[in-house]
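This briefing describes one protein chain for a reader who has its sequence and model at hand. Please read the points below alongside the structure.

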Amino acid sequence: MTATNSSGDGPQMKTLEDLVCSSSLAGELQQYSLLLSAVNIFFSLTAFLGNSLIFVALHKISSLHAPSKLLYRCLATTDLLVGLVSQPLVATLWISVVHEQWRLCRFAWKAASISGYGLCLMSLLTMAAMSVDRHLALLLGLRYKQIVTLKRTYVIVVTLWIITVVTTLYRTLLSRIARWFGRIIISSCLLISITSYAKIFRALRRHQAQIQDHVQHQPSQPNAPNMGQYRKAVYSALWVQLALLACYVPVSVVAIVMAHRQANLSHLVVALGIANTVVNLNSTLNPFLYCWKISEVRQAVKQTIRQALYCPWT
């Protein structure tokens, strides 16, 4: 369960693990388990293939600013790992429920929770970094490429991975303390992203007002000829951010319901499985969003697919 342990206290989650990985709800869960495992296997393949294409496409593109491209690569890496690690573990969990392999079920539950939590946290951190990157491009103007360098962005990405690994390990060993720390990080990521985009769109509205008033330049704004390209870059990153948040809404709703646990337990477990599948679906959606919103990526992906279909010997 990818995002299961991100809400609720330790005893509650242990009880939920006992419910899923035991014979108490086995009969009620088996009719849904095969479907959930099949869906996760399918999305695992699509996430792997889609993000592999994005990696190849980003390698071919030279027009994107290198630090921005690195952040997209970092996000594609987390999505690729979701397809390679988290979703196969979730599929293994549900298959073990079907075959009543409870030891395997408990292992898959813990492994999927740990890997899923870490990858989801890294996605949120990367999205926050992307929003700050877009805001800096607006604030710095012509100095942006001098200050936001590839080397500095590599340092930031490595730091984000270290924060993710340390938080995930602490959460596993010292669950209660680290869970609060994780909540602070997640809340900070959302606050940074919201603040950055709010400032960006406020500046874009001011720039639009300038155009309507026939004002050519304003010292605090980037060059006017670059504003159209900048606007596209902002909307590309924003769509990816909104897709991630939308995929988290179902699991947040289920977590709130489970905190009170007034409904049928088997229905809640199934709802949690579906909600976590929607979280993982984000790793499949992102490559489509890149192709839709970034024309350079779309052209590079088309070229890569043509090269794959038309083999050298044909």
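Predicted model: local features only at pLDDT ≥ 70, side-chain atom pairs only at ≥ 80, totals over all residues.

Residues are numbered from 1 along each chain as its sequence is written, and side-chain values use heavy atoms, with hydrogens and water left out.

**Overall fold**

- The chain contains 10 helices and zero strands, where helices (H or I, at least four residues) and strands (E, at least two) are DSSP runs numbered from the N terminus.
- Read from the N terminus on, the elements are α-α-α-α-α-α-α-α-α-α.
- Of the 314 residues in the chain, 46% are buried; buried means under 20% relative accessible area, exposed means over 50%, and partly exposed lies in between, with a 1.4 Å probe and protein chains only.
- Among contacts in the chain with a separation of 6 or more, 81% are between residues 24 or more positions apart, a contact being heavy atoms within 4.5 Å.

**Nonpolar core**

- The largest nonpolar core has 74 residues, and the members with the most contacts inside it are V20, I54, Y230 and V297; such a core is a set of buried Ala, Val, Leu, Ile, Met, Phe, Trp, Tyr and Cys residues joined through side-chain atoms within 4.5 Å.
- Helix α4 (residues 102-140) gives the most to this core, contributing 18 residues.
- Residues up to four places away in sequence not being counted, V20 touches L29, L93, V97, W102, C105, W109 and V269.

**Helices α8 and α9**

- Helix α8 (residues 227-260) and helix α9 (residues 265-293) have axes that come within 9 Å and cross at roughly 180 degrees; axes are lines fitted to C-alpha atoms, for helices over the stretch in contact, and angles run from 0 to 180 degrees between N-to-C directions.
- The crossing angle makes α8 roughly antiparallel to α9, because angles over 145 degrees count as roughly antiparallel, whereas those under 35 count as roughly parallel, 65 to 115 as roughly perpendicular and the rest as oblique.
- By class, the contact of α8 with α9 has 22 nonpolar, four polar and one charged residues, with Ala, Val, Leu, Ile, Met, Phe, Trp, Tyr, Cys and Pro counted as nonpolar, Asp, Glu, Lys and Arg as charged, and the others, Gly among them, as polar.
- M227 is found in helix α8 and is buried, with a relative accessible area of 3%; M227 and L204 are 23 residues apart in sequence and 8.6 Å apart in space, C-alpha to C-alpha.

**Cysteines**

- A search of the whole structure finds zero disulfides, a disulfide being a pair of cysteine sulfur atoms within 2.5 Å.
- C247 is buried at a relative accessible area of 5%, and C291 is also buried, at 18%.

- R298 belongs to helix α10 (residues 295-309) and counts as partly exposed at 28% relative accessibility.
- Not counting residues up to four places away in sequence, R298 touches C291 and W292, and its C-alpha atom is separated by 9.2 Å from that of I54, 244 residues away along the chain.
- K60, in helix α2 (residues 26-60), is partly exposed with a relative accessible area of 33%.
- The C-alpha atoms of K60 and T304 are 9.3 Å apart in space although the two residues are 244 residues apart in sequence, and, leaving aside its neighbours within four places, K60 is in contact with A300, Q303, T304 and Q307.

- T78 has its place in helix α3 (residues 66-98) and is buried, with a relative accessible area of 0%.
- Apart from neighbours within four places in sequence, T78 is in contact with L119, M122, S123 and W161.
- E100 lies in the loop between α3 and α4, where at 42% relative accessibility E100 counts as partly exposed.
- Although it is not a glycine, E100 has a positive phi of about 55 degrees.
- Most residues other than glycine have a negative phi.
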